[in-house]
Amino acid sequence: MTELSVVLTAISHPTRRAMIDRLAKGPAGFLELAKPFDTALNSVTKHLKMLERAGLIARKKHGREVIISLRAEPLKNVAGWVHHYERFWNEQLDEFEHHFKSTKGKEKKR
Amino acid sequence: MTDAMKTVEVKVERTIPAPLEQVFDAWLDPKTPGTTWHIADEYVLDAKVGGLFFWSIKGTSHYGRFTAVQRPTKLQHTWMSPNTSGLESNVSVTFTKRGNETLMTLVHSGLPDTNQGKGHEKGWNSFLGNFCERFSARASVSAG
């Protein structure tokens, strides 16, 4: 349970979720990972520490550079914690709502 | 299997920027993105009280029967799939007028509180990854 809380905390920040999204595409160096974010480097370090504590990333030394990669296993626990249908209906209704927002005004012409 | 009879309920709400009738009808229209009929590989839909539905996605079948069809405020049907572990779960959707918009409340109850559905989740697990990507892609599709 504590482990789950740590993972949930780790993914509760948009910057850290963006980092996970970036790492889902493949490993990256520290500077490359920090680049898209409008934050100080030591705040990036802090975010990475939280991801590391949750077991979501692994660091590997490559000469002088540190390569960071995603470890997705802890996310599966989160997925298992949220009920299948809770996610399912949220996704469906998001899309349903999005449909009305994106076609608002257009449909009337038809 | 001592927890086989334990059931849970899932509640999801959204405010849809359209009038009641339009939202109600769209929810039963396979052309509308976000409906289960829309994502189905195959479906059968007979939306009247006592009418049956079936839809399948990637070989997973879902069956149910409509227990309430009160246009434009309420829709209720049962729901059985591998995820309900043999239980006939219940889906109730209520549509409430909120000015020019519609508050949609979906309650899926009588769901087994087990971990059995876990393997099935893989199919839906695009959630954390390409969530946003998928949305923007779908948006351009429906606009075009």
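Is Arg65(B) buried, partly exposed or exposed, and what is its relative accessible area? Arg65(B) is partly exposed, with a relative accessible area of 37%; buried means under 20%, exposed over 50%, and partly exposed in between, with a 1.4 Å probe and protein chains only.

## Basis of the model

This is a predicted model, in which local features need pLDDT of at least 70 and side-chain atom pairs count only at pLDDT 80 or more, while totals for chains, interfaces and linings use all residues. Residues are numbered from 1 along each chain as its sequence is written, chains are lettered from A and ligands numbered from 1 in the order in which they are written, and side-chain values use heavy atoms, with hydrogens and water left out.

The pLDDT, the predictor's confidence in each residue from 0 to 100, averages 84 in chain A, where 89% of the residues score at least 70. Within chain A, confidence is lowest in helix H5 (residues 73-81), at a mean of 73, and highest in strand E1 (residues 28-29), at 94. Helices (H or I, at least four residues) and strands (E, at least two) are DSSP runs, numbered from the N terminus.

## Overview of chain B

Chain B contains 3 helices and 7 strands, in the sequence pattern β-α-α-β-β-β-β-β-β-α. Of its 144 residues, 42% are buried. The accessible surface of chain B is about 7500 Å², with 53% belonging to carbon and sulfur atoms; such areas come from the Shrake-Rupley method with a 1.4 Å probe, and for residues only the protein chains shown count as cover.

## Helix H2 of chain A

Helix H2(A) spans residues 14-24, and its buried residues are Thr15(A), Arg16(A), Met19(A), Ile20(A) and Leu23(A). Seen down the axis of H2(A), these residues fall within an arc of 145 degrees, so they line one face of the helix; the arc is that of the directions from the helix axis to the C-beta atoms. On the other side, Pro14(A) and Ala24(A) are exposed. Just after H2(A), Gly26(A) adopts a positive phi of about 145 degrees.

## Salt bridges

A salt bridge is a side-chain nitrogen of Lys or Arg within 4 Å of a carboxyl oxygen of Asp or Glu, and the count over all chains is 10. One of them joins Arg14(B) and Asp94(A), at 2.7 Å from N to O. Arg14(B) belongs to strand E1 (residues 7-16) of chain B and Asp94(A) to helix H6 (residues 84-103) of chain A, so the pair joins two chains. Both Arg14(B) and Asp94(A) are buried. A network of salt bridges links Asp94(A), Glu97(A), Lys101(A) and Arg14(B).

Within chain B, Arg65(B) and Glu88(B) form a salt bridge at 3.3 Å, N to O. This pair links distant parts of the chain, 23 residues apart: Arg65(B) is in strand E4 (residues 60-70), and Glu88(B) is in the loop between strand E5 (74-79) and strand E6 (89-98). Glu88(B) is partly exposed, at 43% relative accessibility.

## Aromatic residues

Rings of Phe, Tyr and Trp (its six-membered ring) pair if their centres lie within 6.5 Å; planes under 30 degrees apart count as stacked, over 60 as edge-to-face and the rest as tilted. There are 15 aromatic pairs over all chains. Among them, Phe96(A) and Phe100(A) are edge-to-face, 5.1 Å centre to centre with 70 degrees between the planes. These two residues are 4 residues apart in helix H6 of chain A, a separation of about one helical turn, and both are buried. One aromatic cluster includes Phe96(A), Phe100(A), Trp27(B) and Trp37(B).
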